[in-house]
Amino acid sequence: MVPEPILVVEDVCKHFPLEHTLGRPGDGGVVRAVDGVSFAIQEGETFGLVGESGCGKSTLGLTILHLYQPTAGRVVFEGQDLAGFSDARLKPIRRKMQMIFQDPYASLDPRMTVGHIVQEPLDIHRVGTKDERKKRVRALLDMVGLNQQYIDRYPHEFSGGQRQRIGIARAIALNPQFIICDEPVSALDVSIQVQVLNLLQDLQRELRLTYLFIAHNLAVVAHISDRIGVMYLGKLIEIGPTDLVCNRPRHPYTQALLSAVPEIDRRRQKNRIQLTGDIPSPINPPSGCLFHPRCPIAKPDCAEHAPALRQDESGHWVACHYA
């Protein structure tokens, strides 16, 4: 019997109405940042979400946490539909759902010490006594590989990798079950990226965490994920186990992303697939298949009919008429 997923995202949309600009009224249009996304994540799994910058990955993460209210669709966490939850009802849920932010420089308050940053979630949720919180902070710093003596230092005294470790310590302070990792290594040097990825995997095994791992680098996502979802212009266009998506990509967009991953061994180098044109605007998306203006195998009917996300016998989902 297959266990119930810890998170179900069902046809979620997040649209932003165009506001007045420079004294001119809005024209009634909307930015379709996320436009009908559905997937589920099993407990203990890492689900990777990949796509070009601006495709809606981070907006989807914020919408799952209800930091943005969904325009449509449902987010179900541990069997609870979060639609319509007030801040008071969401507060205990937020202890179980946390986020690691992309920029380790902007996500830490420069006026707070490391100890106060990591302890803040414990203070907000009134976990333990004051002494117990301080003891917990020291244990958290040790878990993420930071010296406990750093507790009274400020963020500007640390490197980017150390700052991201502080952000990770804050995210796990409340013993969450589910963490959204929003491009947690994209701002770091390559050598530091590996260290942080290994730390996330160690913590996942130790604390039995479930991750939604967001990135634009498919090689990074493949390193840490059990399954991968590929996002384009607010929609998921391919989902599957990591080995299938990376070794047998079916969507032309996924094939183009993989062709851009550099290979050290010249014998394994791939023919680079060059996509023509720019990413269309989410304000005025193309008709039919969203990818057809840039697709190397597009045919006339691709501009008329949007492909549905369909599953094959291997558990591989793809939204393409000619995959």
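Me: What do buried and exposed stand for here?
Reply: Each residue is judged by its relative accessible area, found with a 1.4 Å probe on protein chains only. Over 50% counts as exposed and the range in between as partly exposed, while under 20% counts as buried. This is a predicted model, in which local features need pLDDT of at least 70, side-chain atom pairs count only at pLDDT 80 or more, and totals for chains, interfaces and linings use all residues. Residues are numbered from 1 along each chain as its sequence is written, and side-chain values use heavy atoms, with hydrogens and water left out.

Me: Is cysteine 181 buried or exposed?
Reply: The cut-off for a buried residue is a relative accessible area under 20%. Cysteine 181 has a relative accessible area of 0%, so cysteine 181 is buried.

Me: How many disulfides does the structure hold?
Reply: A disulfide is a pair of cysteine sulfur atoms within 2.5 Å. For cysteine 181, the nearest cysteine sulfur is that of cysteine 55, 17 Å away. The sulfur of cysteine 302 lies 6.0 Å from the closest one, in cysteine 289, which is too far for a bond. The number of disulfides in the structure is zero.

Me: Which strands stand at the edges of the open sheet of four strands?
Reply: Strands are DSSP runs of E, at least two residues long and numbered from the N terminus, and two of them pair if DSSP finds at least two bridges between them. The order is E2-E1-E4-E5, with antiparallel pairing. Each edge strand has a single partner strand, so one of its sides is left without a neighbour in the sheet; these strands are E2 (30-41) and E5 (80-81).
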